[in-house]
Amino acid sequence: MIPLAESATDPSLAHAFERSLEGIRESVALFLPEAVLTGAICLLIVLDLLMPKRQSRFLMFVALAAVVGAGALIFFMRSTINQPLFNGLIVIDTFASFLHIVLLLGAAIVIALSYVYRDFENRRMGEYYAIMLASLLGMFLMASANDLLMFVIGVELVSIPSYILVVYTKEDRAATEAGLKYVLYGSFASGVMIYGLSLLYGLTGSTNLADVSRFIVGNLDSFTVAVASLMAFAGFAFKISAVPFHWWAPDVYQGAPTPITAFLAVASKAAGFALLIRFLDAAVAGAGESAFHWLNAIAVFAALTMTVGNLAALWQENMKRLLAYSSIAHAGYMLMGLVAIGSSSAAMGGHQVVAFYLVAYLFMTLGAFVCVVAVYNLTGVESMSGYRGLGRRSPMLAFSMTIFLVSLIGLPPTAGFAGKFQLFAAAINSGYLWLAVIGGINTAISCYYYLRVMKVMYLDEPAVEPSSPAFVLDAQGLRWFAGVLVAAVLLVGIMVDLVARVTQHLIIVTG
Amino acid sequence: MPEDIGLAHYLIVSALIFGIGSAAIIVRRNAIAVLMGIELILNAAALNFVAFSRYSTYGKLDGHIVALFVIVIAAAEAAVALAIVLNFFNNFSSVNVDDGSELRQ
Amino acid sequence: MDFLLSFLIFGPLLFAAIALFARNDASAKGICTVGSLLVFLATIPLAWNYSSEESTLRGTFWAQEDALLDRLDDAAARRYVDLAAGILHGRSSGAEGDPGGRWNTAEDVRSLVKERSAIELFPDSADAEARRNALLATIAAIEEDDPDRAATARAKADVAAESGDQAKAERLRHRAEMVLRTSGVWLDEGAEAILISDRTYNDQSLSSLPATPAARQAEISRRQAFVEICELRKAASLDLAKRLKFVTRVPWIKTFGVYYFVGIDGLSLPLIFLSTLLVFLCLVYSWHIEKAPKGYYILFLVLETGLVGVFCALDMFLFYVFWEVVLLPGYFLIGIWGGPRRTYAAIKFFIYTLAGSVLMLLAMLALYFNATPTSFNMLALLHDAPTMSLAFQGWVFAALFIAFAIKVPVFPFHTWLPDAHVQAPTAFSVMLAGVMLKMGGYGFFRLAYPLCPDAALSDSITLPLFDWVLPFGVPALVGGLGLINIIYGALVAMAQTDFKSLVAYSSVSHMGFILLGLASYTHAAFEGAALQMFNHGVSSAMMFFVVGVIYDRAHHRDLNAFGGIGLQMPWYTGVAMIAFFSSLGLPGLNGFIGEVLIFLGAFQSSILPKWMVFTAVLGLLFGSAYILWTIRRVFLGELGNDKYRSFSDLEARETIALVPLAIMCIVIGVYPKVIIDVMDATMVSILEMSSKTFGG
């Protein structure tokens, strides 16, 4: 980080200081999107203090504007840049920029969803958006981290605001319990991660990821490196809800307010994967054959995660809990794609297929959560019984949910299939046929619970009589919102090239 | 005597603290006690960072800087966690972690 | 004409979309039915114009290749040919621009290959002999290239120059040069490793790319053109390529090399005809559905898109997409409009078939990565099939076999079928038995057997984990499974009391004949099996319609409660007799033709054990038994219940559904040349491909 000289009177100290200031000055210009987010956070807090509670929900527009602005800045300024910033603390490469846009997209949809969520109606929402943007900022740092310190800061900056967000509806017992479990579990996981990273720092002598990478690649068989990395992995696995650090997910997803569940399920997971990819790329890429222990470990984790997620989802009655286990399973599929990290394939490298799948996953999961919010707003029910007969009560909503479920299964011509196909291809190309077979079996198992939701929507008798006025559910704006996401899912699934052309050119730079 | 205290001693101490903290988290049922365990773990990590940085041959102070950040982060985390525990107490009238089990299906 | 094929595939989807916005149920039903009729009528010009000798595939490919050749330049072409030749000489790879030993004609290459020993040419390859043979075969195929293409291009260039269009003349001269320069070119593993790692390039792959972005882009474009040319030539050199017509090949997902590549040959044309006809008949038949008819009709049209797409697709990815498109409408059709246990049947159908499809996906990906260059093009894969190692072929064949066996269905993967058939509404049962089961058979003929000839012909099976060597070979296994299908299906059918269940098991039994034909490896057997697919589609569709008619009136399907229907509904009985006797295999009706060809081929076969053929004849006996008994129970004898007196004879919609099929039964039974002419050449090609082993 800061080069240190021999003594205080050493002239090279002044030079070192000069150099580091120069580095910072150059980097600030490129750091504008994050600055926009930071400015928005401060603005939101101030405005929230000034506005009366009833009107604080309009601060959504400020948050949305910040998100869109940051997105535009990234698109125009940073899409072709590949360089480290701030003396190697962060790196901006095409992979980071792509993930930033994905995160912003997810955040924008969640912000819009929070605007209409029933349980947020009589609350002060300014600080909600501020905290969400703070978490988003942390995700940005996670996606472009190039230094062990940034790993720590990023993970914590994401986690701590999200602890608060989960408990935002603080009088709700479910949210409270979820929040407690989340904060205790999450702090433990990040503590273990920080300890592991400290061991890595000790082994390497530097916090810069490039130095750490050189060291690990040279010592892939070392026991200490393995232990340190496993401990670090605990933190990453917590963020992506991989087995065996997935226990928090069902409870937290179920108890938290649904927009926050969506935020955790999509944005937090994307950031977690970004961080994991950076770490793995540093540790494994370019090592070739000797990295197979690591890749085998990832494969085993992937297989376990998929299987546990799918098997546990089979008998869930609560929709949010079912989606929680489903997202655990999808984390498993993405881990399966990660065994291709370091592969020489041009379009199916590990980070590329995961990046593609994150786009597909974003649309289908957020779509499913939009439908969940719509049903909850109209019926107040989160369990499967609220979805009975949805095919007749709100055909458009049921149809949208069907498409999202089909995409989650992975049937063509949806985005889920395009993504899953690439994950399988990456695994097979890297020689992990057994893993692909397990993935296939899991896909077949997952059909059962996704189809069960479809069956409930179309085949079951609705809880309300057809003649009663409450029969028809008019989801108004949310219906069209879901429709737009359906169009996105189908578009990505049919015109795969639209996204694949971009992911084809994603590279990871370790500076 | 001070010359005999080397890197290994610090590492062993921090490992012990880590162990005690983990044990506290796993064994104790009181949420505050779990938080104490978490603090112990974070401090063990910070100690590690400082120790490695102090005995490093590279002449850089990276570990010290990370340790500063870890301390700040630990404080923020503790504040938020305590607020959440307080909220839990308001709803459940207890700080026992096992008392929150309504979500399990 | 080529556009007509795409209309066949996407037309139903278009009509379904239009019907989605229809104002009421009747107009939706009308739009869908008229749409399906139009799609069926569109099949007729295609069938009329199909001829197995004039293929349009080469024309399409040459046109695309011309565009690609224009992208090469002289230096690039020379470089790539030199690289390939350099490998041939065993020199170090990566030599650019070394002109020594340039091979411009196929003849030079051929003589070189003959001279050198396999070890010299492929020092690292274990299967050197095999690779050399494959190489010789490739060269022979390339020699079939029209050698006048260069001369034609030069002549056209002169014409253009005369008329003053210098740019065009230049382009055509350049193209003539490129044709000459790249003839005799093939891709060998070494050359492939230099030229491409997979179809796309980014900054990290292949350090030998030039520096500036523009030059890099140009070089990538040239390499991609070269790779595609080789793939096109491989595909066009197949014998099967001569049988394909109405070919369309348009890039779809460039990043992975997926093309919208469709065409029909003698195998798929009858099946497409059958699909479109059956969908139309089903929609007419289902006019009386009361529960949500709009959704029913739209789902049927989506189903049709999937079915026709499966039979037309010549790109593996496209094939898989259409295969999966069939699943979801099936789930909903059974699950919403089905019988009492419909939910269970629907889920079982979906999960069972999806498990098979996932296996197919894995096999497809394995084939993709194994191909050089990586390709989803079925024809290119078929071309390279003999070069795949036996172990690899074994795994791929196992995966594909199980995937298609679930669809056919083959014992022991058949358990989803009775439930699905009994619980499904009549029209979906017709589609299921008439066309969807044929998807499995089609998959065997198109993919499983031609892609893995060694595996399919191998006479010993070694189980991987335990290293047990089974005492029988793959043809015996397939024949045995077919035999079990035939006998077991027939016996269980005899025991059924539910009319529909009996017909379902008779389907299982008849599909066993197809497996028997597959295992025989003779011309007659392959022909008979393909014909049996079509015939069974017609006759079992009729039988399910027959069941539906009586179920609509009696509201039960208990065979023992029926009786004497013949007197009450004479027209219905007449048509039903045609269906039943066709299924039985009575000479004069279509069922006989397929079965007799299969038996003929099986007897002639040197691969299938003779005892299987003799035992299969028993299946015919059992078939007659349960069909005659069913006829006796339902149509003849005493009136089972006085209520039957009030049964009306066939209504208009039922007549429209049954009569065309009956006519087809009789026509094909008496004059099978109509269909056999279409199928013959294609089945010979497929048989040839399936027999091409390392030695052959």
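Predicted model: local features only at pLDDT ≥ 70, side-chain atom pairs only at ≥ 80, totals over all residues.
Good morning. I begin with chain C as a whole. Chain C contains 30 helices and four strands. Of its 696 residues, 56% are buried. If we take the contacts in chain C between residues at least 6 apart in sequence, 78% of them join residues at least 24 apart.

Let us now turn to one helix of this chain. Helix H23 of chain C covers residues 499-520, which is 22 residues. From its first C-alpha to its last, H23(C) reaches 33 Å, close to the 32 Å expected at 1.5 Å a residue. Is H23(C) mostly covered or mostly open? H23(C) is mostly covered, with 22 of its 22 residues buried. After H23(C) comes C:Tyr521, which has a positive phi, near 60°.

Next, I consider how two helices pack. In general, such a pair is described by the angle between the axes and the distance between the axes. In chain C, helix H12 (residues 268-285) and helix H24 (residues 523-554) pack at an angle of about 10°, and their axes are 10 Å apart. Angles under 35 degrees count as roughly parallel, and H12(C) and H24(C) are therefore roughly parallel to each other. Which residues meet here? H12(C) contributes C:Pro270, C:Leu271, C:Leu274, C:Leu278 and C:Tyr285. Facing them from H24(C) are C:Met533, C:Phe534, C:Gly537, C:Val538, C:Ala541 and C:Phe545. By class, the residues of this contact between H12(C) and H24(C) are ten nonpolar, one polar and no charged.

I move on to the contact between chains A and B. Chain B gives 38 residues to this contact, and chain A gives 41. On the side of chain B that touches chain A, the elements giving two or more residues are helices H1 (7-27), H2 (31-54) and H3 (62-92) of chain B. The largest share of that side, 16 residues, comes from H3(B).

Why does A:Ala324 count as buried? The cut-off is 20 or more other C-beta atoms within 10 Å; A:Ala324 has 28, so this residue is buried. Leaving aside residues up to four places away in sequence, A:Ala324 touches A:Ala249, A:Pro250, A:Tyr253 and A:Gln254. The C-alpha atoms of A:Ala324 and A:Ala265 are 7.5 Å apart, although 59 residues separate the two along the chain.

Thank you for your attention.

Technical notes. Residues numbered from 1 in each chain as written. Chains lettered and ligands numbered in written order. Expected span 1.5 Å × (residues − 1). Buried ≥ 20, exposed ≤ 12 C-beta atoms within 10 Å, placed from the backbone. Contact = placed C-beta atoms within 7 Å. Axes fitted to C-alpha atoms, helices over the stretch in contact; angles between N-to-C directions. Parallel < 35°, antiparallel > 145°, perpendicular 65-115°, else oblique. Nonpolar A, V, L, I, M, F, W, Y, C, P; charged D, E, K, R; others polar.
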